[in-house]
Amino acid sequence: MEFRDLKRQYQYLKKDIDLKIQEVIGQTNFIQGKQVADLEKQLADYTGTKHCVTCANGTDALQLALMVWNIGEGDAVFIPDFTFFSSGEVVPAVNAVPVFVDVEPDTYNIDCNSLETMIQRVIQEGKLLPKVIVSVDLFGQPADYGRISKIAEKYHMYILEDAAQGFGGRIGERRACSFGDIATTSFFPAKPFGCYGDGGAVFTDNGEWAELLRSYRVHGRGSSKYDNVRIGMNSRLDTLQAAILQAKFPVFSEKELEWEQLAAARYTERLKEVVETPYIKDGFYSGWAQYTIRLSCRTARDGLQTYLKEQGIPSAVYYQKPMHRQQAFSGNKYEDNDYPVSDKLSDTVLSLPFHPYMKEEEIALVSDAVKKYLKG
Ligand SMILES: Cc1ncc(COP(=O)(O)O)c(C=O)c1O
């Protein structure tokens, strides 16, 4: 069994994907071909944003956003403590300071009470200016933008929606990537909407920022690639990857998301009596980057993971280490009780095999193995 079965997806989409790849090779327009611009238009329409600017990966996408806002020395950027390293890594990369925030015990997304406490702590210390809230749509579920927006407004901060895992998720009818002042996503192969290598995108309604993004992603270009008006990056989405995403898009938006809802509901139905299953807020829809259960303690979680491995069932721990415990951030000060939820989650979560092409009998097999271990 595969954790996320990309081979099965390829078999389903083979004809369209092969055709699209051949088209690019035939045209030899490997860099910034028409497919890239077409995809950007398609994804802007889908997310309900005015501009989509693709780039080389989801990490660059976050950094590009910070560059557009001129975030740097003396600025504080607030990030959930329970996320992938990238969400925080980009902050020191632009010379700003990351401030980690504990997460909600049910959704695992940024906790707005802790967020406000941390913002006030930074203001009281008086050394840094609170500038940006990075709200990660963890495991596919959008963060609580109703509350986050109020805090951002109160403290005059930007919202950077890290929807690397959230593409396809929504709150009501409003789709992920439309909640932040700028939003980003990743097309890493295992992501909800993944390509066949690295890829990413930035979304915004602000035309000036979109222009800046287009400049920063190609060496700070001005009127041409050889007229350089600012220090930028080399961060373009390959035409081949754009073409693959175009081939995948209709099935992703019309079928895969629904199949995932069904797969998640099946897991939950089978597991809800024995473990903590994913909690999705009322009116929220997850893009299901992961199906993550929560055990009672680290011993139970590690034991279950070993047992599943023995049965040939892959699983993963996202995330083993909260951000504040990463060596790379060891310069950051924190108090022992700043991150009780995040600390607990890293000991107790386990992500199960999950993808849109999962069969009912596979879900039953994994669920039965989980139950058998917990009974024993
Ligand atoms: C929450 C989050 N942010 C950012 C990224 C970075 O994306 P990429 O791997 O495309 O750089 C990831 C990817 O794993 C992620 O999960």
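Modeller: With strand pairing: two strands pair if DSSP finds at least two bridges between them. Keep in mind that this is a predicted model.

Colleague: In what order do the three strands of the open sheet stand?

Modeller: The order is β7-β6-β10, and the pairing is antiparallel. β7 (174-175) and β10 (284-285) each have a single partner strand, so they stand at the edges and one side of each is left without a neighbour in the sheet. Strand β6 (residues 170-171) pairs with β7 over two bridges, in the antiparallel sense. Within this part of the sheet, I171 is found opposite R174 in β7.

Colleague: What is the order of the seven strands in the other open sheet?

Modeller: That sheet runs β1-β9-β8-β5-β4-β2-β3, with mixed pairing. Its edge strands are β1 (51-55) and β3 (97-101), each pairing on one side only. On average, neighbouring strands of this sheet are turned by 25° against each other, direction ignored.

Colleague: How many bridges join β5 to β8?

Modeller: Three bridges connect strand β5 (residues 158-162) with strand β8 (residues 182-186), and the two run parallel. E161 stands opposite A183 in β8.

Colleague: Which strands does helix α7 lie across?

Modeller: Helix α7 (residues 207-216) lies across β1, β8 and β9 (200-204). Its direction is at about 15° to β1.

Colleague: Now the helix pairs. Are α3 and α4 parallel or oblique to each other?

Modeller: The angle decides this: under 35 degrees counts as roughly parallel, and 65 to 115 as roughly perpendicular. Helix α3 (residues 58-68) and helix α4 (residues 86-93) pack at about 45°, with their axes 9 Å apart. They are therefore oblique to each other. Their crossing is right-handed. On the α3 side the contact is made by G58, T59, L62, Q63 and L66, and on the α4 side by S86, S87, E89, V90 and A93. By class, four of these residues are nonpolar, five polar and one charged.

Colleague: At what angle do α8 and α11 pack?

Modeller: Helix α8 (residues 239-271) and helix α11 (residues 360-375) pack at an angle of about 30°, and their axes are 10 Å apart. These two are therefore roughly parallel to each other. The crossing of α8 and α11 is right-handed. In α8, the residues A263, R266, Y267, R270 and L271 meet E360, I363, A364, S367 and V370 in α11. The contact has six nonpolar, one polar and three charged residues.

Colleague: Which residues make the contact between α5 and α6?

Modeller: Take the geometry before the residues. Helix α5 (residues 112-125) packs with helix α6 (residues 145-154) at about 15°, with axes 10 Å apart. The two helices are therefore roughly parallel. α5 passes α6 in a right-handed crossing. C112, L115 and E116 of α5 make the contact with R147, I148 and I151 of α6. By class, this contact has four nonpolar, no polar and two charged residues.

Colleague: Last, the ligand. Which residues come nearest to the ligand?

Modeller: Of the 15 residues around the ligand, N57, G58, T59, A164 and S186 come nearest. The elements giving two or more residues to this shell are α3 and α4. By class, the shell has four nonpolar, nine polar and two charged residues.

Key: Residues are numbered from 1 along each chain as its sequence is written. This is a predicted model: local features need pLDDT of at least 70, side-chain atom pairs count only at pLDDT 80 or more; totals for chains, interfaces and linings use all residues. Axes are lines fitted to C-alpha atoms, for helices over the stretch in contact, and angles run from 0 to 180 degrees between N-to-C directions. Helices (H or I, at least four residues) and strands (E, at least two) are DSSP runs, numbered from the N terminus. Angles under 35 degrees count as roughly parallel, over 145 as roughly antiparallel, 65 to 115 as roughly perpendicular and the rest as oblique. A crossing is left-handed if the near helix is turned anticlockwise from the far one by less than a right angle, and right-handed if clockwise. Two residues are in contact if their C-beta atoms, placed from the backbone, lie within 7 Å. Ala, Val, Leu, Ile, Met, Phe, Trp, Tyr, Cys and Pro count as nonpolar, Asp, Glu, Lys and Arg as charged, and the others, Gly among them, as polar. A residue is near a molecule or strand if its C-beta atom, placed from the backbone, lies within 6 Å of it.
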